[in-house]
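Hi,

Here is the structure I said I'd pass on.

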Amino acid sequence: MAKQPLNIGIVGYGFMGRAHSNAYKQVAQFFDLARTPVLKAACARDAAKVKAFADTWGYESTETDWRRLLDRKDIDCIDICTPNNAHAEIALAAAQAGKMILCEKPLAMNGPEGLKMVQAVEKAKVPNMVWYNYRRVPACTLARQLIDEGRLGKIFHYRANFLQDWTISADLPQGGAGLWRLDVAAAGSGVTGDLLAHCIDTALWLNGGIKDVCAMTETFIKERKHTLTGKVEKVAIDDACAFLCHFKNGSLGLFESTRYARGHKALYTFEINGEKASIKWDLHDLHRLEYFDHKDESRIRGWHKLHVTDGDHPYMGKWWVPGLQIGYESSFVHQVADFIDGLTTGKPAQPDFRNAYETQLVLDAILDSAKGRQWQEVK
Ligand SMILES: NC(=O)c1ccc[n+]([C@@H]2O[C@H](COP(=O)([O-])OP(=O)(O)OC[C@H]3O[C@@H](n4cnc5c(N)ncnc54)[C@H](O)[C@@H]3O)[C@@H](O)[C@H]2O)c1
């Protein structure tokens, strides 16, 4: 029987535009879902570039103004893959137009903007989700299962890093295509909203809420030429951020993120230490979960490297045969599968806007703490 289509209108054809398009194309081949994504329309401001993107990925049509997507009756779902400063405007209008919304992270530029987005989707009762995709790396999902089963016992420590090294050169300009992350007007913040947002989402999901934070940020290169104005302008994003926190469950958190860790490209790692066991994970080796179980006999006790590729590991039964790996891009496939599943079962996939808003509040507290040089409660 033909499946019901889920007609996608995507805004933005950059890194995430590609990652999401790939997910929509793959998901129906691997997951048995009630609805099949259809690449209806791609939208971006440059007509020639968006046409080239649409041809590459198989979108049926193009638009150069996202408002046109909202007027179209043949679009069910708006996928927001634009820089952070465009998320709210598009999402608010899409909710009013009654469209489902998939929005890239961070949800918003700040908490108050995020709250408006939450209220808009809840008022319009439209399905919504934010692309915190690391929850759906099978090894991370397995980490959640082990914690839920009580295998770690009481958690004492949560440690996470997200390290990169691509902005060390003082000659790198800020702003414009590919460099909007250095421009505070487009990004809202630097590594805090870009990289720590991922670490915080995973942490809230694995270890529960955060009570308060104590943060420091640094902007190592104070001025950069702005691509759009041609002038040398102040850099107002944080190049690096480290923070301590108290989780509501009594555990202590330690987080670090920077774009100045020479040698590291996208080193997202986390480690959780519990009374009975510890786990750790590393994005550069994403199909492994390291696990130390104190109840193992002492002669053979040690860190086990679980190769998370067996049929009974999360999501893996849908892919190849046991032992064969999947990649970064598969986490987005899983997210689409879960979103569609949520539409069918009526149990919405997480994180929805309200859930992702919690990360936004922690981000605000971090930036406030760093500015005020003091501990800050999370609202
Ligand atoms: N989930 C993840 O792991 C992950 C990874 C990277 C980026 N992101 C997030 O995805 C978003 C996009 O990041 P990216 O790396 O894909 O950026 P990118 O620079 O590669 O692409 C941005 C796209 O948005 C388009 N765009 C900008 N303003 C627009 C407008 N007003 N109307 C239509 N199109 C517009 C640009 O033309 C471009 O196609 C950001 O919010 C970022 O934080 C998430």
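**Around the ligand**

The ligand has 23 residues surrounding it, and the closest are Gly12, Gly14, Phe15, Met16 and Glu104. Bear in mind that this is a predicted model. If you sort that shell by class, you get 12 nonpolar, 7 polar and 4 charged residues. Helix α1 (residues 15-30) is the top contributor to the shell, with 3 residues. Both domains take part too: domain 1 (4-133) and domain 2 (135-377) each put at least three residues into the shell around the ligand.

**The chain overall**

There are 10 helices and 17 strands in the chain. Its radius of gyration is 21 Å, close to the 21 Å that the globule rule gives for 379 residues, so the chain is as compact as a globular protein of that length. If you're setting up a box, the C-alpha atoms fill one of roughly 65 × 60 × 40 Å along the principal axes. Of the 379 residues, 49% count as buried. Looking at contacts with a separation of 6 or more, 68% are between residues 24 or more positions apart.

**Where the domains meet**

Across the boundary, 37 residues of domain 1 are in contact with 38 residues of domain 2. On the domain 1 side, α1, β2 (35-43), α5 (111-124) and β6 (128-130) each supply at least two residues. Helix α1 turns up again here, giving the largest share of that side with 8 residues. By class, the side of domain 1 that touches domain 2 divides into 25 nonpolar, 10 polar and 2 charged residues.

**The cores**

So what does the largest nonpolar core look like? It has 105 residues, and those with the most contacts inside it are Ala42, Ala91, Ile101, Cys199 and Ile366. Helix α8 (residues 191-207) gives the most to this core, with 10 residues. Domain 1 and domain 2 both give residues to this core, so it lies between them.

Ile366 is a handy place to start clicking: setting aside its neighbours within four places in sequence, Ile366 is in contact with Thr192, Val213, Ala215, Cys241 and Phe243. There is also a second, separate core of 7 residues, including Ala186, Ala187, Val235 and Ile237.

Cheers

Technical notes
Residues are numbered from 1 along each chain as its sequence is written. This is a predicted model: local features need pLDDT of at least 70, side-chain atom pairs count only at pLDDT 80 or more; totals for chains, interfaces and linings use all residues. A nonpolar core is a set of buried Ala, Val, Leu, Ile, Met, Phe, Trp, Tyr and Cys residues joined through C-beta atoms within 7 Å. A residue is buried if 20 or more other C-beta atoms lie within 10 Å of its own, exposed if 12 or fewer, and partly exposed in between; C-beta atoms are placed from the backbone. Helices (H or I, at least four residues) and strands (E, at least two) are DSSP runs, numbered from the N terminus. Domain bounds come from an automatic or database domain assignment. Two residues are in contact if their C-beta atoms, placed from the backbone, lie within 7 Å. A residue is near a molecule or strand if its C-beta atom, placed from the backbone, lies within 6 Å of it. Ala, Val, Leu, Ile, Met, Phe, Trp, Tyr, Cys and Pro count as nonpolar, Asp, Glu, Lys and Arg as charged, and the others, Gly among them, as polar. The radius of gyration is taken over C-alpha atoms; the globule rule is 2.2 Å times the number of residues to the power 0.38.
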